[in-house]
Amino acid sequence: MRNLEGHPGIKIGGSNINNLRYADDTVLIAENEKDLQQLLDIVKEESEKKGLELNRKKTEVMVVSRKQELPIINIYIKGTRLKQKHQFKYLGSLISSDGRNNSEVASRIAQAKTNFQKMKTVLTNKNISIRTRRRALECYIEPILMYGCEAWTISKQTQRKLEATEMWFLRRMLRISWTAKKTNDTVLEEAHTTRLLISKIRKRQATFFGHVMRREKLENLVTTGMLEGKRSRGKQREKLIEGLTDWLKAGKSLEAIEATKDRKKWRTMIANAVKQGT
């Protein structure tokens, strides 16, 4: 992998990034087909020198673009064209070609609901107090739902889906039929709770964000750096830092970044935001 240094990738904040690695899970990144093929050829050649061979069936390519019709990309290993995917799993999270996390959130919601059904006999058992059942939900179901949420950009649509999922859990735990005309406020009152899911996700995001900002490593650069090139037309997508700044009521993004350097101040800001229940 050291032989990739200096070869074109994507530039963020003036730094060139052409690969991501976690153990044996490797991602090669480039701005165009030619550069990506060059990176792959280097990895293949250097691997063969060490007696290793790339698995052509497990190696896939994906184009990340805002275009409705994705460009077709032709990348080869020993004459075999690699399969182009619209999404793939990386370190347990679903990466999509549109650069959004909608598919990942939908996948997490589906997995959480499936596991809720597996624990239905416990979570819907009225012989167990609702407080204990909510605690079981928090321990066994919510971690499945919130896995990787530290990197989510929560749009209004995503927030509505997550809040609907939270109410889905509570209504089934209380055995409230979908035909029963009970408002969400009534359900929350019966469950002796309030809406907590979004605050929990934001808290995890803010805690992780503070850690990333203080480390000043690659994650920091990717979060705060600017991509080179022209901005697309129309409204720009909301960034993670913008959503967090708004939740923390920190004023501007730069003020939030500066606040992370003081651990005590940052924890106080997070605690205040959670307390407000926003």
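Student: Why is R135 called partly exposed?

Tutor: R135 has a relative accessible area of 49%, and since buried means under 20%, exposed over 50% and partly exposed in between, with a 1.4 Å probe and protein chains only as cover, R135 counts as partly exposed. E138, at 34%, is partly exposed as well. The model is a predicted one, in which local features need pLDDT of at least 70 and side-chain atom pairs count only at pLDDT 80 or more, while totals for chains, interfaces and linings use all residues. Residues are numbered from 1 along each chain as its sequence is written, and side-chain values use heavy atoms, with hydrogens and water left out.

Student: What makes R135 and E138 a salt bridge?

Tutor: The term requires a side-chain nitrogen of Lys or Arg within 4 Å of a carboxyl oxygen of Asp or Glu, and the closest N and O atoms of R135 and E138 are 3.3 Å apart, so the pair meets the rule. Both residues belong to helix 4 (residues 130-140), and because they are three residues apart there, about one helical turn separates them. Helices here are DSSP runs of H or I with at least four residues, strands are E runs of at least two, and both are numbered from the N terminus.

Student: Why is the contact of K78 with E48 said to tie parts together?

Tutor: K78 and E48 form a salt bridge, with 3.4 Å between the closest N and O atoms. K78 sits in the loop between strand 6 (76-77) and strand 7 (80-81), and E48 in helix 1 (residues 33-49), so this pair joins parts that are 30 residues apart in sequence. E48 is partly exposed at 36%.

Student: How many salt bridges does the rule give?

Tutor: The count comes to twelve.

Student: What makes L20, L218 and V222 a nonpolar patch?

Tutor: A patch is made of residues with over 30% relative accessible area and no salt bridge, where nonpolar side chains (Val, Leu, Ile, Met, Phe, Trp, Tyr) are joined within 5 Å and like charges within 9 Å. L20, L218 and V222 form such a patch on the surface, with about 220 Å² of accessible area together, the areas coming from the Shrake-Rupley method. V222, in helix 9 (residues 218-224), has 44% relative accessibility and therefore counts as partly exposed.

Student: Which residues gather in the patch of positive charge?

Tutor: K120, K126, R172 and R175 gather there, on the surface; Lys and Arg count as positive, Asp and Glu as negative, and His and the chain ends are not counted. The place of a charge is NZ of Lys, CZ of Arg, CG of Asp or CD of Glu. K120, in helix 3 (residues 120-123), is partly exposed at 43%.

Student: Why is H192 called exposed?

Tutor: Its relative accessible area is 61%, so H192 passes the limit for exposed. H192 lies in the loop between helix 7 (184-190) and helix 8 (197-215), and its phi is near 55°, a positive value in a residue other than glycine.

Notes: Areas by Shrake-Rupley, 256 points an atom, 1.4 Å probe, with all protein chains shown as cover.
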